[in-house]
Amino acid sequence: MLLEPSHKQFYGGMKMNVIALGVLGSLAAGLMTAFGALPILIGKTVSRRLNDILLGFAAGVMLSASYFSLIIPGLEISTEQYGAGAVPALIAVGGIILGAAAIYFLDERIPHQHFTKGLEGPEAASVRKIWLFVIAITLHNIPEGLAVGVGFGGGDMGAAISLAFGIGLQNAPEGLAVALALQSEGYGKTYAFLVAAATGLVEPVAGLAGVVAVSASQLLLPWGLTFAAGAMLYVISNEIIPETHRHGHHKGATAGLIVGVVVMMFLDVVFG
């Protein structure tokens with residue numbers, strides 16, 4: 001049945017509202033990177049041990065969000081679409097693998113400088129070290145923004161808001177870690193703050209891509225959810241957890257990770 005013009009306008013308006021919410025939610029989460037970097041700007045520092053605990057917390061939030069806010073909803077939606085059986089499981093497997101592979105591909109193809117492992121990707125002698133750092137953190141923020149955008153595109157506002165809040169929580173210690181690392185490289189506190197804040201601005205761009213994709217077709221929603229989960233799992237295992245264990249503070253970092261997991265689980269259960 002063809003929709004009347006008023007109905008077309010209504011559904012078009014609903015879609016635009018969801019897209020706007022996806023962009024705003026991922027922007028708010030991205031801005032928490034700047035909030036986390038504020039101590040650098042006002043001359044405050046944190047110990048390496050506390051920094052590793054906070055990064056462990058960030059990893060725990062991302063890990064919990066990957067399962068409770070992305071993979072499980074993806075399985076539930078694909079079960080509604082295709083029925084119980086192997087198809088929903090295969091969609092989840094495919095989405096996770098594709099998400100992890102996408103970040104791996106970017107890691108291999110784009111020159112960037114990890115704080116932990118040094119230079120990765122093609123040779124980039126002509127690229128200043130500061131921008132290699134920025135590229136690395138930007139790569140990490142892409143799946144987070146994508147996850148928030150896809151969450152809003154799914155239509156469950158409570159779950160999407162809790163996901164955006166959780167991603168924002170874990171962005172704060174990442175922003176502080178970036179700013180501290182840049183300051184340790186000899187950059188001024190204002191410059192370190194601005195660069196750390198700028199790394200979060202990729203999240204609304206990725207969020208827009210995610211919400212537009214899944215809003216275009218609900219068949220893409222379980223793929224988008226599990227793709228974002230796979231991308232985040234890759235970042236957790238490949239970069240964040242190794243960084244938290246590098247300085248001998250692995251017990252504190254593990255405690256932070258567990259707290260992050262349960263906090264995000266609580267948010268998802270209460271608001272999801």
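These questions and answers concern a predicted model of one protein chain.

Me: What is the pattern of helices and strands along the protein chain?
Reply: The secondary structure comes to 9 helices and 2 strands. Read along the sequence, the pattern is α-α-α-β-β-α-α-α-α-α-α.

Me: Is Ser78 buried or exposed?
Reply: Ser78 lies in helix α2, which covers residues 48–82. Leaving out residues up to four places away in sequence, Ser78 touches Gly83, Pro88, Ile91 and Pro222. Its relative accessibility is 1%, and under 20% means buried. Ser78 therefore counts as buried.

Me: At roughly what angle do the axes of α2 and α9 cross?
Reply: Residues of α2, including Gly56, Gly60 and Ser64, meet residues of α9, among them Gly252, Gly256 and Gly260. The crossing of the two helices is right-handed. Their axes come within 6 Å and cross at roughly 35°.

Me: How does Met265 count by relative accessibility: buried, partly exposed or exposed?
Reply: Met265 lies in helix α9, residues 250–271, and is among the α9 residues that meet α2. Its relative accessibility is 33%. Buried means under 20% and exposed over 50%, so Met265 counts as partly exposed.

Me: How much accessible area does the nonpolar patch with Met265 have together?
Reply: The patch on the surface is formed by Ile258, Val259, Val262, Met265 and Val269. Together these residues have an accessible area of about 420 Å².

Methods
Residues are numbered from 1 along each chain as its sequence is written. This is a predicted model: local features need pLDDT of at least 70, side-chain atom pairs count only at pLDDT 80 or more; totals for chains, interfaces and linings use all residues. Side-chain values use heavy atoms; hydrogens and water are left out. Patches are made of residues with over 30% relative accessible area and no salt bridge: like charges are joined within 9 Å, nonpolar side chains (Val, Leu, Ile, Met, Phe, Trp, Tyr) within 5 Å. Accessible areas come from the Shrake-Rupley method with a 1.4 Å probe; for residues, only the protein chains shown count as cover. A salt bridge is a side-chain nitrogen of Lys or Arg within 4 Å of a carboxyl oxygen of Asp or Glu. Helices (H or I, at least four residues) and strands (E, at least two) are DSSP runs, numbered from the N terminus. Buried means under 20% relative accessible area, exposed over 50%, partly exposed in between (1.4 Å probe, protein chains only). Contact means heavy atoms within 4.5 Å. Axes are lines fitted to C-alpha atoms, for helices over the stretch in contact, and angles run from 0 to 180 degrees between N-to-C directions. A crossing is left-handed if the near helix is turned anticlockwise from the far one by less than a right angle, and right-handed if clockwise.
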